[in-house]
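Here's a quick walk through one protein model, starting with its charged side chains and then stepping back to the fold as a whole. Have a look at the sequence and structure first.

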Amino acid sequence: GLGDRGRLGTQNVRDTPFPARVKALGERRVVAVACGMATSGCITHDGMVHTWGAGSSGQLGHGELSDEWIPRMIAALQDTHIVQVAMGFEHSVALAADGRLFSWGRGDQGQLGHGDCEPLVQTP
């Protein structure tokens, strides 16, 4: 896939035409993955969400508007067991085991479901 903006999670800016292990996750057991236009994310066996790639709209959930070149855990969700994550065009959502839904990123079209059109929500 395309390697720009960190979307592959391998610290490589080159496009990669073959599968490459995301070594930054170490030995963590990944149970789910999600991809957006220029972002990627995963859930580990302990319910932690890790995201990487383009972050200019806060869609990575780290409270910053910067790209991440390797997977980084979303600190705002560390006390919440997440079972599903989805990444859209500059926004993301996560479903907790207890049924709570979290969303963050670009929301200027109401896509976050918060009842407003907040342009950027940087953390869940």
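## Salt bridges

The structure holds 7 salt bridges, a salt bridge being a side-chain nitrogen of Lys or Arg within 4 Å of a carboxyl oxygen of Asp or Glu. Keep in mind that this is a predicted model: local features need pLDDT of at least 70, side-chain atom pairs count only at pLDDT 80 or more, and totals for chains, interfaces and linings use all residues. Residues are numbered from 1 along each chain as its sequence is written, and side-chain values use heavy atoms, with hydrogens and water left out.

One of the bridges joins Arg5 and Asp67, at 3.1 Å from N to O. Arg5 sits in the segment before strand 1 (30-35) and Asp67 in the loop between strand 3 (49-53) and strand 4 (68-73), so this pair ties together parts 62 residues apart in sequence. Arg5 is partly exposed at 30% relative accessible area, and Asp67 is partly exposed too, at 26%. (Buried means under 20% relative accessible area, exposed over 50%, and partly exposed in between, with a 1.4 Å probe and protein chains only.)

Arg106 pairs with Glu90, their closest N and O atoms being 2.8 Å apart. Arg106 belongs to strand 7 (residues 101-106) and Glu90 to the loop between strand 5 (82-87) and strand 6 (91-96), so the bridge links parts 16 residues apart in sequence. Arg106 is partly exposed at 28%, while Glu90 counts as buried at 19%.

Then there's Asp98 with Arg100, where the closest N and O atoms are 2.9 Å apart. Here Asp98 is exposed, at 52% relative accessibility, and Arg100 is partly exposed, at 43%. Glu64, Glu68 and Arg72 are linked in a network of salt bridges.

## The fold overall

How many helices and strands does the protein chain have? It's 0 helices and 8 strands, counted as DSSP runs numbered from the N terminus (helices: H or I, at least four residues; strands: E, at least two). The radius of gyration is 14 Å, close to the 14 Å from the globule rule for 124 residues, so the chain is as compact as a globular protein of that length. That radius is taken over C-alpha atoms, and the rule is 2.2 Å times the number of residues to the power 0.38.

The C-alpha atoms fill a box of roughly 40 × 30 × 20 Å along the principal axes. Buried residues make up 40% of the 124 in the chain.
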